2 protein chains.
Amino acid sequence: MNILLTGAGGFVGRELGRLLGGAGHALVGIDTDAGGIPAGIRAVAGDLADPAVRAEALGTGCDALIHLATVPGGAAEADPSASRRINVDAMYDLLVEASALKPGLRVVYASSIAVLGDPLPAQVDDATPLSPRMIYGGHKAMMEHAVAMFSNRGLIDGVTVRLPGILARPKGPSGMKSAFMSDLFHALRAGEVFTCPVSAAGSIWAQSVRQCARNFLHALTLDSGLMPPTRAVTLPALRISMADLVAEIARQCAVSPDLVRYAPDAALEAAFAAQPPLATPAAERAGFAHDGDLATLVSNALATI
Amino acid sequence: MNILLTGAGGFVGRELGRLLGGAGHALVGIDTDAGGIPAGIRAVAGDLADPAVRAEALGTGCDALIHLATVPGGAAEADPSASRRINVDAMYDLLVEASALKPGLRVVYASSIAVLGDPLPAQVDDATPLSPRMIYGGHKAMMEHAVAMFSNRGLIDGVTVRLPGILARPKGPSGMKSAFMSDLFHALRAGEVFTCPVSAAGSIWAQSVRQCARNFLHALTLDSGLMPPTRAVTLPALRISMADLVAEIARQCAVSPDLVRYAPDAALEAAFAAQPPLATPAAERAGFAHDGDLATLVSNALATI
């Protein structure tokens with residue numbers, strides 16, 4: 001299958017690109033910088049909002065589109081216009097153009113739990129109404145409806161997956177306010193002290209990048225009749241406390257969990273570490289899964305950093 | 001209160017403009033053509049997508065925004081780009097500009113039952129997921145999330161109301177595929193035969209334009225804490241069969257219901273006259289209402305055409 005993968009040089013895109021290439025698919029990858037796109041993928045570098053960049057990427061045909069490219073949460077908050085330009089307008093244009101080329105193509109859209117809003121209600125399940133507060137979540141929510149509409153019209157066959165915290169990112173700036181969760185892995189593996197900006201009791205929804213890539217691979221071919229009418233599911237995730245996460249990383253890295261000090265920031269705690277019990281039956285019915293248990297999540301995450 | 005009313009020359013806008021003016025508000029009205037805007041409203045004529053038009057309308061201050069202007073359903077379906085330009089892009093720009101001028105202003109947004117999709121599920125209530133199929137409904141749904149996000153950020157204090165069929169429109173082209181319902185009123189009042197493009201058994205959700213205007217007036221000052229987290233409610237509506245509607249209009253106009261012949265068009269029937277039982281407890285808790293009974297709905301509708 002000819003697959004167009006946007007954000008191919010990103011954290012999830014690189015892992016997914018390798019998985020898709022290994023499964024025999026022909027890939028075209030778009031990213032702002034071709035340098036991060038794995039070998040074996042035809043790389044198109046440029047701005048997704050540039051029609052010429054999209055035309056170049058679509059030029060060799062497209063049987064399916066996996067749309068990961070995004071202005072991430074922290075960057076969107078700092079520059080709402082940039083988020084609107086990429087996360088709404090350019091994506092809409094891409095849907096129009098890809099569906100004109102190949103009507104009914106599978107589109108897998110990476111949305112986010114940010115669509116649910118913050119603070120979150122006391123329990124989140126498939127009936128939780130969307131009420132985004134962050135720019136990122138608002139724009140992702142708008143485009144969930146665009147995916148549903150394009151799908152209901154037969155222009156695309158859309159599958160929207162809302163990503164929880166994905167572990168672990170490479171070192172360095174990501175534009176994601178939640179990047180501290182990944183920094184924790186890097187610090188403990190290096191045996192360094194780490195000041196955690198949320199509390200030990202803070203609870204997060206997490207999935208390893210390896211499991212996340214598997215979920216995208218599944219989304220590529222699943223029967224969309226298994227999806228709800230919105231075409232959107234919140235991906236299954238393990239709900240874990242920071243203290244448990246720290247203990248397990250420390251165990252697997254053979255270091256002391258006491259390397260971690262807690263200095264909670266109220267805003268970060270509210271946005272990323274006050275995640276309530278989560279039920280995702282719709283995603284499970286559609287065949288999506290989390291890592292299974294904390295030890296597997298941590299070993300999966302450590303294997304990819 | 002200084003109120004900016006978009007679509008002030010339209011069917012609902014004219015009725016609402018008169019009601020708001022009577023309540024002592026100072027109004028600025030935008031429409032593509034100033035001719036339809038009622039006397040007593042400062043009229044701004046032009047394209048809502050033109051920044052100069054929006055700036056002229058906002059120039060005298062704005063304490064609240066009632067956003068009715070839209071590319072309607074049939075016209076949106078015929079020209080999706082025009083719908084995107086007005087129903088998404090221009091509205092988003094207007095929210096940004098109005099909230100910069102008066103952070104936290106009340107915004108009342110006219111959405112549509114088209115966001116629910118078609119065909120509709122066997123029962124519609126406040127838990128029904130949005131799954132638009134029409135361009136109009138897709139774009140309205142996207143902007144419902146924008147209203148929620150702007151509200152959650154404190155930039156606006158948004159109230160989204162989803163309109164059912166509103167009766168009765170003036171004669172003439174409206175761009176609305178559902179206009180046949182209004183044409184029925186005009187024909188029977190004139191004692192003319194009418195070929196109804198949906199079946200006698202077809203069921204519709206309806207509200208008179210007079211009741212609709214009252215609901216907008218209520219939305220202007222209601223405590224938004226009564227709204228759900230999505231900031232959106234489906235307005236209460238009477239669910240009536242075409243045969244009952246015909247009989248009641250005929251009775252009030254003292255003509256025979258046999259003036260109406262039925263020649264159902266499958267697409268129109270599916271889109272507009274197969275509306276299932278409707279429950280709108282969220283809207284009722286927030287103080288919105290339908291006409292009360294069929295006789296009142298019909299007399300309200302006849303009084304305004």
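Biologist: Which residues does Arg54(A) touch, not counting residues up to four places away in sequence?

Modeller: In this predicted model, the residues touched by Arg54(A) are Leu48(A), Asp93(A), Leu94(A) and Glu97(A), with residues up to four places away in sequence not counted.

Biologist: Where is the place of Arg54(A), and is Arg54(A) buried or exposed?

Modeller: Arg54(A) has its place in helix α2 of chain A, which covers residues 51–58. Arg54(A) counts as buried, because it has 23 C-beta neighbours inside 10 Å and the cut-off for that class is 20 or more.

Biologist: What separates the C-alpha atoms of Arg54(A) and Gly40(A)?

Modeller: The separation is 19 Å, for two residues that are 14 residues apart along the chain.

Biologist: Turning to Glu15(A), which helix does it lie in, and is it buried or exposed?

Modeller: Helix α1 of chain A contains Glu15(A). Glu15(A) is buried, since 21 other C-beta atoms lie within 10 Å.

Biologist: Which residues does Glu15(A) touch?

Modeller: Leaving out residues up to four places away in sequence, Glu15(A) touches Val209(A), Arg210(A), Ala213(A) and Thr304(A).

Biologist: On to domains. How is chain A divided?

Modeller: Domain 1 of chain A takes in 2–164 + 207–234, and domain 2 takes in 166–206 + 237–278 + 291–303. Their C-alpha centres lie 25 Å apart. The contact between them takes 22 residues from domain 1 of chain A and 23 residues from domain 2 of chain A.

Biologist: Which elements of chain A each supply at least two residues of the domain 1 side?

Modeller: They are α1 (11–22), α3 (73–78), β9 (203–208) and α7 (209–221) of chain A. Helix α7(A) gives the most to that side, with four residues.

Biologist: And what is that side of domain 1 made of, by class?

Modeller: The side of domain 1 of chain A that touches domain 2 of chain A has 14 nonpolar residues, six polar residues and two charged residues.

Biologist: What about the two chains: which rotation superposes chain B on chain A?

Modeller: A rotation of 180° does so, with 0.0 Å of shift along its axis and an RMSD of 0.0 Å. The two copies are therefore related as by a two-fold rotation axis. In chain B, the C-alpha nearest the axis belongs to Met142(B), at 2.2 Å from it. The same surface serves both copies, in that 100% of the contact residues of chain B recur in chain A.

Biologist: How many residues of chain B are in contact with chain A?

Modeller: There are 19 residues of chain B in contact with 19 residues of chain A. On the chain B side, 11 are nonpolar, six are polar and two are charged.

Biologist: Staying with chain B, why is strand β2 called largely enclosed?

Modeller: Strand β2 (residues 26–31) of chain B is largely enclosed by the rest of the structure because five of its six residues are buried.

Biologist: Which strands does β2(B) pair with?

Modeller: Strand β1 (residues 2–6) of chain B pairs with β2(B) in the parallel sense over five bridges, and Asn2(B) stands opposite Ala26(B). Strand β3 (residues 42–45) of chain B also pairs with β2(B) in the parallel sense, over four bridges. There, Ala43(B) is the bridge partner of Gly29(B).

Biologist: Which unit do β1(B), helix α1 of chain B and β2(B) make?

Modeller: Together they make a right-handed β-α-β unit, in which the helix spans residues 11–22.

Methods
Residues numbered from 1 in each chain as written. Chains lettered and ligands numbered in written order. Predicted model: local features only at pLDDT ≥ 70, side-chain atom pairs only at ≥ 80, totals over all residues. Buried ≥ 20, exposed ≤ 12 C-beta atoms within 10 Å, placed from the backbone. Pairing = 2+ DSSP bridges. Right-handed = clockwise from strand over helix to strand, strands pointing away. Least-squares fit on C-alpha atoms with pLDDT ≥ 70 in both. Contact = placed C-beta atoms within 7 Å. Domains from an automatic or database assignment. Nonpolar A, V, L, I, M, F, W, Y, C, P; charged D, E, K, R; others polar.
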